Amino acid sequence: MRTRILIAIAGVLVLAGAAVAYVGFAGARGRDVAATGAVSLSPGPRLLFRSTADADRGHVATVSVADPGGPRTVSPLSCSRVYAAGGTGLCLRPDGDLTTYQLAVLDAGLAVRREIPLVGLPNRARVSASGRMVAWTVFVTGDSYNGGRFSTRAGILDTATGDLAGTLEDYAVTLDGKPYQAADLNFWGVTFTRDDRHFYATMSTAGHRYLVAGDFAAHTIRTLRENVECPSLSPDGTRVAYKSAVDGDPARGWRLSVVDLSTSAVTPLAETRSVDDQPAWLDDRTIGYGVPRGPGHADVWSVPADGSGTPRLLIPDAESPAALSDGRTGR
């Protein structure tokens, strides 16, 4: 009897230990809990992103702003790059089983409103705060001046009128106050102002990279300053977050900074790793961005926009972030 009692007690202890181990494991894996459900792009306290988790890699998902590392809602929709604002989404994705791509303009319920074929590999996506304007960047090859290396193409669509700028290379360019033409013009990383007419972007030519200001209606572009890539306009329209090549050399990586458009004062951010992403304003004070972590994986991090603090892991196994919030942060 005594032996049976000891065995029973031992069994209870083993089961208790197993239960504790299970609870600990479940708690450690809590951030991986995902529920396939109705992802909404309507304004609200959520963060949109592209999942890089093994279980749902490539799928569009959201998390709560209050618990970005917690449970996520995952949609059936897959994108190579995604962004949303003002109830409009932009999904850059493969075109069926073909080795080509397309952009899909989405409504707040992820229904496709319009599809446009893309020539090149998806790289950047942006939507204006109102949801009216969408912009994209793709990598392309075959430009004679580029020796077989990748070039970039950026385009803009007015979803209200259907007006389409398939490439910003067709715009009239002013460089340092003078009209400029060159075969090696490249554009990428568009970000919109609140009037749905003007925008900022990156232009490269002759080995230089510029922050440019564009006018969608007038089809014009003018340079503002050098060594600015992938700009992102703040919700109040006064600052631009961007990446800049270290010592002007992209081979040495990029650092994130914010420039004040009225004073030209530059604030380096606390993130010291190289970041090859178009930053996104999560609110007036916070910048979000993706950092790769091994093949096929990435995480979304955030950092204060005033240069203070330290980088914070925001959403594990995620990239391509966008704050849905109240519809004011899309750029």
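**Close-up views of a predicted model**

**View 1. An open sheet of 4 strands, arranged in the order S9-S10-S11-S12, is joined by antiparallel pairing.** The model shown in this and the following views is predicted. In general, the strands of a sheet pair through backbone hydrogen bonds, either parallel or antiparallel. Between S9 and S10 the antiparallel pairing extends over 6 bridges, and within this part of the sheet Arg124 stands opposite Thr137 in S10.

**View 2. The largest nonpolar core contains 30 residues.** Among its members, Leu48, Leu90, Leu103 and Trp136 are those that touch the most other members. At least two residues of this core come from each of strand S5 (81–85), strand S6 (88–94), strand S7 (101–106), strand S8 (112–118), strand S9 (121–127) and strand S10 (133–140). Apart from this core there is a second, separate one of 20 residues, which includes Ile156, Phe187, Val190 and Ala201.

**View 3. Cys79 and Cys91 form a disulfide.** The structure holds 1 disulfide, and in this bond the sulfur atoms of Cys79 and Cys91 are 2.0 Å apart. A disulfide is, in general, a covalent bond between the sulfur atoms of two cysteines. The torsion about the S-S bond of Cys79 and Cys91 is about -115 degrees, and the disulfide is therefore left-handed. Because Cys79 lies in the loop between strand S4 (72–78) and S5, while Cys91 belongs to strand S6, the pair ties together parts that are 12 residues apart in sequence. Both Cys79 and Cys91 are buried.

**View 4. Ser257 is a buried residue in strand S21, which spans residues 254–260.** The relative accessible area of Ser257 is 6%, and this residue therefore counts as buried, a term that applies under 20%. Leaving aside residues up to four places away in sequence, Ser257 touches Val240, Ala241, Tyr242 and Ser244, and it also touches Val266, Thr267, Pro268 and Leu269.

**View 5. Cys230 is a buried cysteine.** With a relative accessibility of 1%, Cys230 falls under the 20% limit and so counts as buried.

Conventions
Residues numbered from 1 in each chain as written. Predicted model: local features only at pLDDT ≥ 70, side-chain atom pairs only at ≥ 80, totals over all residues. Heavy atoms only, no water. Core = buried A, V, L, I, M, F, W, Y, C linked by side-chain atoms within 4.5 Å. Buried < 20%, exposed > 50% of the residue type's maximum accessible area, 1.4 Å probe, protein only. Contact = heavy atoms within 4.5 Å. Disulfide = S-S within 2.5 Å. Pairing = 2+ DSSP bridges.
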